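Biologist: Hi! Could you walk me through this structure?
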Amino acid sequence: MSDPVVDESCETILLSSAMPPHAQLVATGIDKAYRKGDHQVPVLRGVDISIDRGEFLSIVGQSGSGKSTLLHLMGLLDAPDLGEVLLDGQRIDDLPARTRDQIRNRVFGFVFQFYHLMPELTLVENVVLPLMIRHSIWSYWKNCRSHIDRAKQLIDRVGLSHRLTHKPSELSGGEMQRAAIARALVSQPQILLADEPTGNLDEKTGREIMDLLKRLNTEEQLSIVMVTHDAQLAREATRTVRLTAGRVEALAGAA
Ligand SMILES: Nc1ncnc2c1ncn2[C@@H]1O[C@H](COP(=O)(O)OP(=O)(O)OP(=O)(O)O)[C@@H](O)[C@H]1O
């Protein structure tokens, strides 16, 4: 019997508009260690964490506690040593690399502390880039106008319509993070994984980015997992967990 995630209908399953949006991401029994010299340094030890559709989950913890590591494992940017990552009950961390790439590109959007925009591209080019990478050149060319329209819609959504042709060096930190959020959303992800999205911003600008994330969560039921050092912002999520000594501890919100 073929695995419905692995076989060639994968694209249809993951992209079909008839398909209900992915509901739940679960990481269970996660162990992760890094090699340092000739020994392994454990970072995560038996972590269990989940996010339901429409949730806004924040992850706090001391520097070095493994928050980014966990976020990367949840988004298939890295693989656990032990444990499983499941999307709607189907294990996804052990799939072939190409299938993991497809799931990562279509289910997850990523936002990082330092934006990671391409410096030589304009704002609209940066935002449309994931669609260019995802589609073949022919398909991209055929749909070029609709892709650019979608990028422009998202740029408008994040309040940057007046900056379409600006390069990242011509944008403020807050504008760059808004651009990075628009880029993360262009592939219509189900789950946004944000690693310290306000960490490089002043308080007011960080507040604006948080408000934008909260609007995306409530108005579009976008699931969000946010790593942050800011305890106050963390409390504004629907649920907060703390990473301590490699384990997850519930802090606030629903269990
Ligand atoms: N690729 C890697 N190779 C080796 N060690 C790593 C690697 N990535 C992370 N680590 C180590 O794993 C531990 C957890 O790192 P991680 O970045 O996940 O922590 P964090 O809680 O996100 O930290 P911060 O809040 O400072 O960003 C740290 O000790 C770090 O040095």
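This is a predicted model: local features need pLDDT of at least 70, side-chain atom pairs count only at pLDDT 80 or more; totals for chains, interfaces and linings use all residues.
Modeller: Happy to! Residues are numbered from 1 along each chain as its sequence is written.
Biologist: At what angle do helix H7 and helix H8 pack?
Modeller: H7 (residues 173-185) and H8 (residues 203-220) pack at about 20 degrees, their axes 9 Å apart. The two are therefore roughly parallel to each other. Axes are lines fitted to C-alpha atoms, for helices over the stretch in contact, and angles run from 0 to 180 degrees between N-to-C directions. Helices here are DSSP runs (H or I, at least four residues), as are strands (E, at least two), numbered from the N terminus.
Biologist: New topic: in what order do the strands of the open sheet come?
Modeller: Four strands line up as S2-S1-S4-S5, with antiparallel pairing. Strands pair if DSSP finds at least two bridges between them.
Biologist: Which strands stand at the edges?
Modeller: S2 (39-52) and S5 (90-91) do, each with a single partner strand, so one side of each has no neighbour in the sheet.
Biologist: And how many bridges join S1 and S2?
Modeller: Ten, with S1 covering residues 24-36. Ile30 stands opposite Val47 in S2.
Biologist: Which helix gives the largest share of the shell around the ligand?
Modeller: Helix H2 (residues 67-74), with three residues.

Key: Angles under 35 degrees count as roughly parallel, over 145 as roughly antiparallel, 65 to 115 as roughly perpendicular and the rest as oblique.
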